[in-house]
Amino acid sequence: MALPVTFYKTMENQDLRVHGSIFFLLKKFVVAHFSEDMWDQLNGEAGTGGKSFEMTQNYPLDDIGAIVGAASRHTGASVNELKEKFGEYLVPDLFRLYASYLRPEWTTRDVLIHTEKVMHGAVRKLNSTANPPILNVSEVSETLLVIDYFSRRRMGSLAVGIIKGIARYFGEQDVVQVTPTTDPDDERVQIRVTFQKVELGS
Ligand code: HEM
């Protein structure tokens, strides 16, 4: 049986769409920092008013760009600052959604090393409508990871925020430093993650 044309159109642009779970969490972020009315207002300005953003669907990248753009105009914060803050915020919820894939002994470094195969791997397996970015993680030394992010969605600032959020989740925000070493708006972004050694007994 032939599949409807809309199916092919959706698949064609899969990498320029964003999973509904991210929109769901973006709404939670806006409501937590501002209000439900603000969410409606941002969507009105973005031209996405009336969309319900289901957890099982995906939506055009431009929708999230327009909503964050409207939030930037309202707050005076840059789009990248907002994406980073949102990335930091969404980690506990993301962990709750995929809790069964996280090992209890893992901390920031382990989660980062296992994100591509285990976490994003689970997302790809469980949600045919999701298409997480590719992350190549190099273990340069005990105190340095270099993460190469690849995605046509150009959400490097969100990636930086997620890494910071993971460090905060494990109470390691003071010893983990996250620095993009290339333009965070590119399709390929390199991110340096350093771990400061904590001297015991000092
Ligand atoms: C517990 C770990 C993680 C889980 C469960 C998770 C899950 C997800 C999910 C469900 C999406 C939506 C995919 C879509 O829109 O189709 C996503 C996207 C994304 N993830 Fe992860 N993620 C995790 C860790 C990370 C880490 C460590 C990074 C950063 C290095 C990261 C960076 C991103 C970015 C930037 C996106 C937005 C889409 C894009 O840029 O292409 N994620 N992730």
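Visitor: Which atom of the ligand does a polar side-chain atom of Y149 lie 2.6 Å from?

Guide: A polar contact is a pair of N or O atoms within 3.5 Å; within protein, one must be able to donate a hydrogen and the other to accept it, and residues adjacent in sequence count only if both atoms are side-chain atoms. Here, a polar side-chain atom of Y149 is 2.6 Å from an oxygen atom of the ligand. This is a predicted model, where local features need pLDDT of at least 70 and side-chain atom pairs count only at pLDDT 80 or more, while totals for chains, interfaces and linings use all residues. Residues are numbered from 1 along each chain as its sequence is written, and side-chain values use heavy atoms, leaving out hydrogens and water.

Visitor: How far from an oxygen atom of the ligand are polar side-chain atoms of S151 and R153?

Guide: For S151 the distance is 2.5 Å, and for R153 it is 2.6 Å.

Visitor: How many residues surround the ligand?

Guide: A residue counts as near if one of its heavy atoms lies within 4 Å of the molecule. Here 26 residues surround the ligand, and H120, N131, Y149, S151 and R153 are the closest.

Visitor: What holds the iron atom of the ligand on the protein side, that is, which donor?

Guide: Donors are N, O and S atoms within 2.8 Å of the metal (3.2 Å for Na, K and Ca); water is not among the atoms, so sites may look incomplete. The protein gives the iron atom a single donor, H120 (NE2), 2.1 Å away.

Visitor: Where is H120 placed?

Guide: Helices are DSSP runs (H or I, at least four residues), numbered from the N terminus. H120 has its place in helix α6.

Key:
Helix = DSSP H or I, 4+ residues; strand = E, 2+ residues; numbered from the N terminus.
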